[in-house]
Amino acid sequence: MKIFRVLIACFVVGCCFYIKLLSDNESVSDYEEKGDGSLQVYFINLDKATDKLAHIQPQLEALGYPFTRIAGVYGKDLKDDYKKSITNPGKYKRLMHSEIGVGTIGCYLSHVNVWREFLASNHSYALVFEDDVEFEPNKLKTLVGLLLGNSQEWDFVDIDVNRHGFARTDMKLSHTFKLVTFRARVANASCYLINRKAAIEFVKKAFPIFLPVDHYMMRPWEFGIKTRGVTPQIVHQTFGESDIAKQESKSNVNLFYKVTSLFYQITADIMTCISAYWNVKV
């Protein structure tokens, strides 16, 4: 029995070393964790995506919060030398069993620009959208109000999660909405609520890029933040084909990368489960 416990402990430690891959690599000394208590909405929109701008802007106006458009980064316009300087293609391939695409890079940089814009302001909270979502403004405003009223319970809330993630209910926000913690991996970046503490951690460890941004954010054991979700899902990605997907090209990888990716997925699930109970850095 003792040997069995030792083997389990060794496996967990090995998982930690395998997936604890981030390091503090950007100075955030100019950013204050405390804001003025206000909320700002940010939405990401490519300059060429005028149809999506026309789709999301009326929804944001009806939501009633002040909002700012952040110009999306179009990955195909990035120079090769710059892409090489901000990415780790080998690590990405080992974890995701595919080549890192220009769309993935552009999406990632777009979200980093949102975090930096938010932290340069005095706002305490940011509600972030990608421009291909649809929601009922009244329902979402009710949810956001409930979350702000319980802000001590979270640092980051993924609002548009379409997988269960073995969610554990932490709090009933109302008769309709629940605040949950995921005990298995989920990944979605199309709508989330964030405070300054989480944004600082995300910016500090953002580079080099070795994961898609939605996978990067959902790693609470790395950041020491309270990562949450909500049910039921009331924000949905519904507007046509993703502009990221249009830029991606499929690539074949060998069995080695499929195995390393599978191990990463297993260990990430384990660490997500551990974080669900301890909410601390491992």
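**Figure 1. Buried residues of helix α7 in the predicted model.** In α7, the buried residues are Arg 196, Ala 198, Ala 199, Ile 200, Glu 201, Phe 202, Val 203 and Lys 204. The structure shown here and in the following views is a predicted model. Because eight of the nine residues of α7 are buried, this helix is largely enclosed by the rest of the structure. The elements against which these buried residues pack are α5, β5, β8, α8 (213–217) and α9 (220–223).

**Figure 2. Packing of helix α5 against helix α7.** Helix α5 spans residues 102–120 and helix α7 spans residues 196–204; their axes come within 10 Å and cross at roughly 130°. The arrangement of α5 relative to α7 is therefore oblique. The crossing of α5 with α7 is left-handed. On the α5 side, the contact comprises Trp 115, Arg 116, Phe 118 and Leu 119, which meet Arg 196, Ala 199, Ile 200, Phe 202 and Val 203 of α7. By class, the residues of this contact are seven nonpolar and two charged, with no polar residue. An α-helix has 3.6 residues a turn, so residues three or four places apart point the same way.

**Figure 3. The eight-stranded open sheet.** The strands follow the order β2-β1-β3-β8-β5-β9-β7-β6, and their pairing is mixed. At the edges are β2 (67–71) and β6 (168–172), each of which pairs on one side only. With direction ignored, neighbouring strands of the sheet are turned by 30° against each other on average. Strands of a sheet pair through backbone hydrogen bonds, either parallel or antiparallel.

**Figure 4. Pairing of strands β5 and β8.** Strand β5 (residues 156–158) and strand β8 (residues 191–195) run antiparallel and are joined by three bridges. Within this pair, Phe 156 stands opposite Ile 194 of β8. Both strands also pack against buried residues of helix α7.

Figure 5. The edge strand β6 is joined to strand β7 (residues 178–181) by four bridges, and the two run antiparallel. Five residues lie between β6 and β7, which form a hairpin. Met 171 has Leu 179 in β7 as its bridge partner. Strand β7 is in turn connected by three bridges to strand β9 (residues 227–231), with the two strands running antiparallel. Leu 179 takes part here as well, with Val 230 in β9 as its bridge partner.

**Figure 6. Surroundings of Gly 75.** Gly 75 belongs to the loop that connects β2 with α3 (80–86). Its relative accessible area is 0%, so Gly 75 counts as buried. Although 27 residues apart along the chain, Gly 75 and Val 102 have C-alpha atoms separated by 4.5 Å. Val 102 is a residue of helix α5, which covers residues 102–120.

Figure 7. Ser 261 is located in α11, a helix of residues 255–278. With a relative accessible area of 1%, this serine is buried. When residues up to four places away in sequence are not counted, Ser 261 touches Arg 94, Leu 95, Met 96 and His 97.

**Figure 8. Overall context of the close-up views.** The protein contains eleven helices and ten strands. Of its 282 residues, 50% count as buried. Among contacts between residues at least 6 apart in sequence, 83% join residues at least 24 apart.

Note on methods
Residues numbered from 1 in each chain as written. Predicted model: local features only at pLDDT ≥ 70, side-chain atom pairs only at ≥ 80, totals over all residues. Heavy atoms only, no water. Pairing = 2+ DSSP bridges. Axes fitted to C-alpha atoms, helices over the stretch in contact; angles between N-to-C directions. Parallel < 35°, antiparallel > 145°, perpendicular 65-115°, else oblique. Left-handed = near helix turned anticlockwise from the far one by under 90°. Contact = heavy atoms within 4.5 Å. Nonpolar A, V, L, I, M, F, W, Y, C, P; charged D, E, K, R; others polar. Buried < 20%, exposed > 50% of the residue type's maximum accessible area, 1.4 Å probe, protein only.
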